[in-house]
Amino acid sequence: MKTLKVALLGCGNVGSQVARILLDDAEDLASRTGARLELTGIAVRNPDAPRDVDLPKDLFTTDAEKLAENADIVIELMGGMEPARTLMLHAIGHGASVVTGNKALLAADGAALFEKADAAGVRLAYEAAVAGAIPILRPIRDSLSGDRITRVLGIVNGTTNYILDAMDTTGAQFDDALAEAQRLGYAEADPTADVEGHDAAAKGAILASLAFHTTFDLANVSCEGISAVTADDISAAKEAGFVIKLLAIAEKLENDGEPGVSVRVHPTLLPRTHPLAAVHGAFNAVFVEAENAGELMFYGQGAGGAPTASAVMGDVVSAARRLVLGGPLGAETPTGHVPALPFEKVTTSYSIGLEVTDQPGVLAAVARVFAENGVSIETMRQTIHSDGAGTAAELRFVTHRASEAALAATVEAIKGLDVINSVTSVLRVEGV
Ligand code: NAP
């Protein structure tokens, strides 16, 4: 039986679990791939640091470069831009297949890396980069390659789903739900990349590139996080039969008769009956709409050492099989560049909350502004509240689909009305 040398770069949450599987399941892996997978070394910063898994000390090294150039398969699980990028290029240059879970690097510089891998005739696989354990990239790339995907909606960040779900079930404010998520280890001490949507944006760009056979630049993702979502937004959504989720949405739309791809990340109102509304806690799910397959949903753990290692190992096994049996590269299949759709041309439905003075004619004045900007109203709810200072009303509108440009103009004009105390929220709505 052939032996394939496997080098592991990084031994943190995911890398340590990958090392465990490679060592503990060696026999199974050999029978599935037709080759012995020999773990030749593990590159880390500090070889003496304690590890989650008990691993032979002599496997550890700080010389990642040397390890990478003497392997058939290199697994990059260091994270970050450098030295991960240089090491991956080094491995490709030495003819190794590369497996990674590094969404940040792929979203920022994937096109160049894929080009190098293609030119070298080696595979660059990254199932773990989007939605952890969920096998979503291979179905999009392979199983659905005979169909036409129209839209992908993803809950692809477990931290934000945990926070929004906690706010929905307990009525907590954002800061309290975030503090609890940090206490339980679902959010990092610096939660910016998660709560501001940057992590979901990188995954959205990767999903769009695969789903629409193009290269989608991370700089074109419009991104709004969840830090401005209030307990009032959540409870108003609940009363109206909605739940708020942070979605990464990738769609192919027409722009003046030409196709354009839009990727956006924002808090989104979803009907509580939508399949994505049932995704609780830190779980992830990706909802795919395709012309012939219809609606599909992929659900599972979006992070964690062992779940993510499962996705990494799937790529390792398929790279090993190819090295044993030969076969196609399984590379990306861009069929041409589809331009990014400018954000202001994107159309969706909106929910707009207004605090207004309780007096006759308010509703008519607001409705006129909507009409003047070509935004039509689907539903309106009014709540009156009184206190010592007087009576005020809260109005919540849900609109039909309108462009971001029309919405922005509407909100600006509404703010200028005398009868408006404040615009309390503007949230996009999907699934209606
Ligand atoms: P992690 O726990 O921070 O581990 C990183 C590992 O890389 C550590 O072992 C570290 O060595 C090593 N490392 C970092 N910089 C290095 C350098 N300059 N030279 C040598 N070694 C270096 O990371 P992780 O959570 O396992 O994530 C790994 C990758 O998987 C990332 O790209 C991440 O985005 C992706 N991913 C993670 C998850 C998840 O649930 N964690 C899910 C999906 C995808 P030391 O231990 O010596 O410091």
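Biologist: Why is His-213 called partly exposed?

Modeller: In this predicted model, the relative accessible area of His-213 is 22%. Buried requires a value under 20% and exposed a value over 50%, so His-213 is classed as partly exposed. The residue lies in the loop between α10 and β8 (222–223), and His-213 has a positive phi of about 50° although it is not a glycine.

Biologist: What makes Ala-131 count as buried?

Modeller: Ala-131 has a relative accessible area of 1%. The limit for buried is under 20%, and therefore Ala-131 is buried. Ala-131 sits in the loop between β6 (124–125) and α6 (137–143), with a positive phi near 60°. Most residues other than glycine have a negative phi.

Biologist: Why does Asp-176 count as exposed?

Modeller: Its relative accessibility is 52%, and exposed begins over 50%, so Asp-176 counts as exposed. Asp-176 belongs to helix α8 (residues 174–183). Between Asp-176 and Arg-85 there are 37 Å from C-alpha to C-alpha, and the two are 91 residues apart in sequence.

Biologist: How many disulfides does a search of the whole structure find, and how are Cys-11 and Cys-223 classed by accessibility?

Modeller: The search finds 0 disulfides. As to accessibility, Cys-11 counts as buried at 5%, whereas Cys-223 is partly exposed at 34%.

Biologist: Why is Asp-194 said to have no salt bridge?

Modeller: The nearest side chain of opposite charge is that of Lys-203, 6.3 Å away. A salt bridge needs a distance within 4 Å, so Asp-194 has none, although Asp-194 is buried. Asp-194 is placed in helix α9 (residues 192–195). Leaving aside residues up to four places away in sequence, Asp-194 touches Asn-157, Thr-159, Thr-160 and Asp-199.

Biologist: How do you know that the buried residues of α13 are on the same side of the helix?

Modeller: In helix α13 (residues 362–372), the buried residues are Val-362, Ala-365, Val-366, Val-369 and Phe-370. They cover an arc of only 140° around the axis, which puts them on the same side of α13. On the other side of α13, Ala-371 and Glu-372 are exposed. The elements covering the buried residues include β13 (347–357), β14 (377–387) and α14 (404–415). Just after α13, Gly-374 takes a positive phi of about 75°.

Biologist: Which residues touch the most other members of the largest nonpolar core?

Modeller: That core has 80 residues, and Val-74, Ile-136, Ile-149 and Ile-163 touch the most other members. Helix α10 (residues 198–211) supplies the largest share, 9 residues. Apart from this core lies another of 33 residues, among them Val-14, Ile-75, Val-312 and Val-316. In soluble globular proteins, nonpolar side chains tend to be buried together. Not counting residues up to four places away in sequence, the contacts of Ile-163 are Phe-174, Ala-177, Leu-178, Ala-181, Val-195 and Ile-226.

Biologist: What is the omega of the peptide bond from Glu-82 to Pro-83, and where is Pro-83 found?

Modeller: Omega is near 10°, and the bond from Glu-82 to Pro-83 is cis. Pro-83 is found in the loop between β4 (73–76) and α4 (84–93). Most peptide bonds are trans.

Methods. Residues are numbered from 1 along each chain as its sequence is written. This is a predicted model: local features need pLDDT of at least 70, side-chain atom pairs count only at pLDDT 80 or more; totals for chains, interfaces and linings use all residues. Side-chain values use heavy atoms; hydrogens and water are left out. Buried means under 20% relative accessible area, exposed over 50%, partly exposed in between (1.4 Å probe, protein chains only). Helices (H or I, at least four residues) and strands (E, at least two) are DSSP runs, numbered from the N terminus. The arc is that of the directions from the helix axis to the C-beta atoms. Contact means heavy atoms within 4.5 Å. A disulfide is a pair of cysteine sulfur atoms within 2.5 Å. Lys and Arg count as positive and Asp and Glu as negative; His and the chain ends are not counted. A nonpolar core is a set of buried Ala, Val, Leu, Ile, Met, Phe, Trp, Tyr and Cys residues joined through side-chain atoms within 4.5 Å.
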